[in-house]
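Look over the protein shown here. This short report walks through a few of its features, one heading at a time.

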Amino acid sequence: MKIEFHHGPLAQIKSPLLAAWGFEGGPQSSGSVEALPSATQKMLEQLHASGELTGKAYECTLVHHPAGLAAERLLVVGAGKEEKFSVAQHLRLAGTAVRYARARNIHQLGWVAHKAETIRDAVEGAILADYDADKYRSDRNPEKRVDRLEIELGETEAGKAEVEAVKEAQVIAESVNFARDLVNEPSNRMTPALLAEQAVQMARQFGLESEVLGTDEIRSLKMNAFWAVAQGSSEPPRLIVIQYMPEAAPHTPVVGLIGKGVTFDTGGISIKPSQNMEEMKTDMAGGAAMLGVMRAIAQLKPKVRVIAVVPATENMPGGRAYKPGDVITSMSGKTIEILNTDAEGRLALADALHYARLRGADVLIDAATLTGAVTIALGNITTGVFGWNKEWVGRVLASAAATGERMWELPVDDEYRDLYKSSIADIANSGGRYGGAITGAMFVGEFAGDTPWVHLDIAGTRWNYEEKPYLAKGPTGHPVRALVHLLMNLHRA
Ligand code: BES
Ligand code: MN
Ligand code: ZN
């Protein structure tokens, strides 16, 4: 999507579609509609009085040959109640306009930006909305996209800050879409080796250092917990390592980003029911998100050092698969009794976290589709956040709030440790059904040692199950935006 600035009187813009938004109750004169000429507002007033235009969230009202405007069409998007307005809403309004236009074969959109500080959200929302998970449909129409977004500034001129904001927004949204593409691929087209190839290619494109460890290296490093998961598959595992080490920031802390990269999770010997098992192609969404974050920061260049570690593997049953009752010595030396081979993510993460520490990470943030339990607690709307270090948990939550990616802290507490005690080893890989998201998180945290650690359980938020006016059904790319925000602000701080 090409983004351009346009300044000059809104009345004179010759666009196939100009879009603005207004609040519920007074959409004819509030929000960015405020910036439209009075003749246009008068016309909208009539639509409002007749009940056609209400301003309810995401309501789309299209007017052809709108009074007071040279544009062919005006789209008014409802912003909902003013008191409920948030950052996230801006993204969604622009996204709604984009998807409305696309569906009607309109390729160019003028977005009325009455306030310069909203431009960045509008651009992000527009690019995120212009995504569809339709790669494998023969009837997909690649023409049906908005290929030009014009930011209509009215009388104000775009300054350096606005140009910068657009560039950042573009990099971030495209990196989210990159992660979404990886998640969307089925497991036959996104094996651990193929995921590693994608990662290396991305790293090369954006000037990042990358390393990929294969079976022999994983085994000789004694990543036995990761290997236990991988050993049952005929697809060899990969440990993907990508580094962003800017010369301009030699003494900043190293942030370790660890992403679960299970390219398909059958459950292994503790096999999952076949119903909905196809969804387990998304079990590498945490890894994909971390690659998306790296792709973004490689371009945005914050002054912070980052190392991403993605353990990529399948979890398969078979003659060589690990089994319930097995005892494994993890890379850290902690022994683990396997009670359920479907609790595989925490095993891969255990060694990946330990490895990230050995590689110099001063703080660990992991993202993983770790538990069904987190979806019971928070649904598909909110990511579960866990960690002992309140400062870092706070930073993550603040970035979530700033970007509109919903996150909520769930507790960690020593009393939950009893749930994953083992009668034979140091710990067991399952804590049972009760508090499953918490015990899963805490198990992972056991391998962070004394390094500050934050865990994001994205089992729910990885996927959007129902098309929204502003978002396609399919992968969401959570939590790329929040994490990029976090890294950008460490550098600004
Ligand atoms: N990948 C699953 C979690 C999951 C569930 C992700 C639904 C996305 C949607 C994970 O590996 C898993 O199977 N977890 C088990 C853990 C249990 C065996 C302790 C679960 O949640 O049932
Ligand atoms: Mn599993
Ligand atoms: Zn899994």
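## A salt bridge across the sequence

R148 and E4 form a salt bridge, with their closest N and O atoms 3.1 Å apart. R148 sits in strand 6 (residues 148-152) and E4 in strand 1 (residues 2-6), so this pair ties together parts that are 144 residues apart in sequence. Keep in mind that the model is predicted.

Side chains of opposite charge can pair when their charged atoms come close. How many salt bridges does a search of the whole structure find? The count is 26.

## Two domains

The protein is divided into two parts: domain 1 covers 2-158, and domain 2 covers 171-492. Their C-alpha centres lie 37 Å apart. The contact between them takes 18 residues from domain 1 and 24 residues from domain 2.

Together, domain 1 and domain 2 bury about 1800 Å² between them. Carbon and sulfur atoms account for 55% of that area.

## What holds the charges and polar atoms

Three salt bridges are found across the interface of domain 1 and domain 2. Elsewhere in the list of charged pairs, the side chains of E124 and R481 meet in a salt bridge, at 2.7 Å from N to O. Nine residue pairs across the interface of domain 1 and domain 2 are in polar contact.

Now take the side of domain 1 that touches domain 2. Helix 2 (87-103) and helix 3 (119-129) each supply at least two of its residues. Helix 2 gives the most, with seven residues. By class, this side of domain 1 has ten nonpolar, two polar and six charged residues.

An open sheet of three strands runs in the order 12-13-17, and its pairing is mixed. Why is one side of strand 12 and of strand 17 left without a neighbour in the sheet? Strand 12 (327-329) and strand 17 (427-428) stand at the edges and each has a single partner strand, so one side of each has no neighbour there.

Strands of a sheet pair through backbone hydrogen bonds, either parallel or antiparallel. Strand 13 (residues 335-337) pairs with strand 17 in the parallel sense, over two bridges. Here E337 stands opposite A428 in strand 17.

Key:
Residues numbered from 1 in each chain as written. Chains lettered and ligands numbered in written order. Predicted model: local features only at pLDDT ≥ 70, side-chain atom pairs only at ≥ 80, totals over all residues. Heavy atoms only, no water. Domains from an automatic or database assignment. Contact = heavy atoms within 4.5 Å. Buried area = accessible area lost by both parts, 1.4 Å probe. Salt bridge = Lys/Arg side-chain N within 4 Å of Asp/Glu carboxyl O. Polar contact = N/O pair within 3.5 Å; in protein donor to acceptor, adjacent residues only side chain to side chain. Helix = DSSP H or I, 4+ residues; strand = E, 2+ residues; numbered from the N terminus. Nonpolar A, V, L, I, M, F, W, Y, C, P; charged D, E, K, R; others polar. Pairing = 2+ DSSP bridges.
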